[in-house]
Amino acid sequence: MLNENRGIPDQVAVSEPQRPAHAVVQRVLREAGIGIALLMLIAIFSASAPHFTDESNITNILTQITINLIMATGMTFVILIGGIDLSVGSVMALSAMVAGLVLKAETLPVPVAIVAAALTSVAVGMVCGFINGFVASFWGVPSFIVTLGMLNIARGGALEVTNARTLFEFPNAFNDFGTATLLGMPAIFLVALGLVLLGWGVLTRTVFGRLIYAIGNNEEAVRLSGHDTFIFKVAAFVISGLTVGIGAIVYMARLTIASPILGTGFELNAIAAVIIGGTSLNGGRGSLIGTFLGACLIGVLADGLILIGVGDFVRQMITGGVIILAVILDSYRARIAERTR
Amino acid sequence: MKRMRRVLAIISLGLPLVLFVASVGKAEDTKKPVIGLVMKSLANEFFKDMQEGAVKHVEERGDLTLIPVGMHSETDIDTQINAVENFITKKVDAIVVAPADSRALVPPLARAIKAGIVVINIDVALDEAAKKQAGVSLAFVGPDNRAGAKMSGDELAKALGPGGKVVIIEGNPGADNAQQRKLGFDDSVKDGKLDLLDSRTAHWETEEANTVFSNMLTAHPDIQGVMAANDSMALGVIKAIDAAGKSGQIKVVGFDNIPAVQPLLKEGKLLATIDQFGSQMAANGIDYAMKALKGEKLEGWIKTPIKLVTAPGS
């Protein structure tokens with residue numbers, strides 16, 4: 001038992017730090033790195049990229065990170081338990097196609113169709129997530145392989161549903177949501193922000209959340225302490241599916257179409273946001289605040305590099321470099337955190 | 001709990017099995033000539049239409065047997081090479097191919113030609129140098145992407161006049177049709193004396209085009225026109241223009257004439273696009289393959305029609 005005070009749950013309080021001062025240091029170290037990197041990037045672009053600080057550009061960045069932020073929120077749960085979900089991009093396409101068909105159903109009045117489409121999208125995502133989590137946990141298969149399978153099943157399903165056709169001409173009320181603003185911010189971004197806050201609350205303020213961390217740290221210990229880890233592991237994948245379903249609806253509203261090839265490669269963006277945000281691929285360590293900052297960093301980088309006129313290929317190289325840099329930083333951060341114990 | 005898990009286990013095993021519906025192969029008619037059709041990604045509506053058009057056309061003709069093969073993704077070159085090699089083994093009479101890569105497909109196709117199989121190249125032309133190296137010459141039946149892009153781009157040049165500030169949204173870097181369309185747009189920029197502010201790829205994708213164009217518009221708030229190398233990207237550009245509150249102020253042209261842009265053409269949000277009659281392209285290729293099988297000598301580039309599509313009533 002090496003992880004004595006890293007969140008082995010007992011019946012009363014789970015992983016409430018014994019020495020709060022050190023815990024605070026650790027937590028600050030965990031998120032400060034990425035926060036500083038983000039601030040530096042913003043400072044650099046503010047100075048060098050014309051129009052970077054324009055209100056319209058900030059709105060653009062918030063809109064552009066929305067979908068990744070939503071998917072990365074669910075992905076954080078999965079990575080915290082030591083899993084990975086490669087199927088999110090494809091499942092998003094499947095959710096969108098099925099929801100698109102519901103949305104275009106002429107027998108339903110528009111408001112009913114919109115609600116039904118949203119519920120369908122979320123349900124499709126959760127069912128796919130459930131299958132991922134169930135197969136991975138029940139048979140002890142690596143989630144990498146299970147979700148790789150689901151990636152193909154969902155993509156094939158998305159193509160099959162409409163025979164590879166793109167769906168378009170959704171109701172105006174639905175499309176308007178994609179460009180609506182509230183409190184000066186894009187409404188779709190507020191949806192993402194709400195999800196992040198909700199997820200953060202669940203992870204830090206509930207027994208469920210603490211068990212998610214604990215399973216990532218030492219599953220055996222959690223089991224020995226009398227908790228059924230199976231349900232929690234499946235739940236993490238279901239949560240990932242839930243966010244994918246919400247992401248699909250946001251995508252459709254933003255672009256007013258649903259294409260069966262949408263979301264290709266989105267899983268990698270989501271994983272990148274989580275990892276840049278300091279969540280460990282081994283599970284058990286990380287936070288949604290980090291994921292939020294990670295998604296912001298990717299978005300700011302993509303936006304700023306275009307504004308200062310960096311070419312496509314160099315831009316791709318820089319984005320790749322940042323991911324590697326983040327992982328290197330993370331290894332140092334882990335070491336320092338270890339030392340401050 | 002245990003029992004419920006077992007039931008769920010059975011369900012989750014059974015569900016995928018139900019989804020994998022085995023397809024039943026058709027018996028082949030030995031008397032009619034057999035033509036193998038090697039398609040690109042059937043996840044792309046354009047190629048899906050093309051294949052369906054070909055299958056329908058063959059049914060109408062009734063004098064040949066068609067074996068279509070598609071790939072899962074745009075870059076799955078291996079599947080195409082395997083398909084060509086399979087067709088050589090099966091001793092088909094002709095192969096009609098939409099190559100995923102204009103060079104990688106040349107050696108296997110050269111082997112097919114040496115095995116006495118008629119090969120017709122559709123959609124994207126195989127590389128001249130690679131063909132010369134392999135010592136083969138074969139007919140290309142396809143549209144002139146560069147000329148098409150120029151027609152589309154010229155519409156924009158006409159609407160903006162000389163000095164109009166434009167940007168280009170490119171397709172996949174490395175894809176031949178993307179390069180041809182870029183060249184065609186460049187021709188329009190030159191002839192129309194337009195001011196090209198920026199040119200970037202959005203990998204044929206709607207969401208990426210939306211993001212990339214929003215950022216281009218921030219960098220260059222004075223953009224007046226956009227040339228998008230396909231309509232999917234034009235869709236993303238138009239949504240970005242709407243979101244920026246500049247509807248009607250920035251003119252957009254596209255390429256492909258997909259169903260999803262029809263309402264935008266009507267509303268005037270898309271100025272023009274190009275129809276290259278994709279659904280007939282493979283069918284055309286099959287017709288030429290049949291001609292070649294009857295002894296007709298085919299060479300060089302047989303251009304298929306392209307048509308400029310503008311808003312109705314403009």
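Start by selecting chain B and thinking about its contacts, where a contact means heavy atoms within 4.5 Å. Among the chain B contacts between residues at least 6 apart in sequence, 75% join residues at least 24 apart. Before you click further, know that this is a predicted model, in which local features need pLDDT of at least 70, side-chain atom pairs count only at pLDDT 80 or more, and totals for chains, interfaces and linings use all residues. Residues are numbered from 1 along each chain as its sequence is written, chains are lettered from A and ligands numbered from 1 in the order in which they are written, and side-chain values use heavy atoms, with hydrogens and water left out.

Now switch to a cartoon view of chain B. You'll find 11 helices and 12 strands there; helices (H or I, at least four residues) and strands (E, at least two) are DSSP runs, numbered from the N terminus. Of its 314 residues, 52% count as buried. Buried means under 20% relative accessible area, exposed means over 50%, and partly exposed is in between (1.4 Å probe, protein chains only). Show the surface next: chain B exposes about 14200 Å², and carbon and sulfur atoms supply 54% of it. Areas like this come from the Shrake-Rupley method with a 1.4 Å probe, and for residues only the protein chains shown count as cover.

**Into the core**

Hide the surface and select B:F213. Which residues does B:F213 touch, leaving aside its neighbours within four places in sequence? They are B:V167, B:I169, B:I223, B:V226, B:V237, B:A240, B:I241 and B:I250. B:F213 belongs to the largest nonpolar core, which has 127 residues. A nonpolar core is a set of buried Ala, Val, Leu, Ile, Met, Phe, Trp, Tyr and Cys residues joined through side-chain atoms within 4.5 Å. Another core, of 25 residues, lies apart from it, and its members include B:F47, B:I286, B:A289 and B:M290.

Side chains of opposite charge can pair when their charged atoms come close. Here a salt bridge is a side-chain nitrogen of Lys or Arg within 4 Å of a carboxyl oxygen of Asp or Glu. How many are there over all chains? The structure holds 25 of them.

Select B:D127 and B:R103, whose side chains meet in a salt bridge with 3.5 Å from N to O. B:D127 lies in the loop between β4 (118-122) and α5 (128-134) and B:R103 in the loop between β3 (94-97) and α4 (106-114), so the pair ties together parts of chain B that are 24 residues apart in sequence.

Next, pick B:D191 and B:K150, another salt bridge, at 3.1 Å from N to O. This pair links distant parts of the chain, 41 residues apart: B:D191 is in helix α7 (residues 176-191) and B:K150 in helix α6 (residues 145-160). B:D191 is exposed at 51% relative accessible area, while B:K150 is partly exposed at 22%.

Then try B:K269 with B:E267, where the closest N and O atoms are 3.7 Å apart. B:K269 is partly exposed, at 26%, and B:E267 is exposed, at 52%. For a group, jump to A:E219, A:E220, A:R223 and A:K233, which salt bridges with shared partners join into one network.

**Over to chain A**

Chain A has 12 helices and 4 strands, and 55% of its 341 residues count as buried. Its accessible surface comes to about 14500 Å², with 68% belonging to carbon and sulfur atoms.

Most residues other than glycine have a negative phi. Select A:H51, though, and you'll find a positive phi near 70°. A:H51 sits in the loop between α1 (20-48) and α2 (55-80) and is partly exposed at 29%. Now go to A:L183, also not a glycine, with a positive phi of about 55°. Is A:L183 buried or exposed? A:L183 is exposed, with 74% relative accessible area, in the loop between β2 (181-182) and β3 (185-186).

For the last stop, select A:I336 in helix α12 (residues 312-339). A:I336 is partly exposed at 37%.
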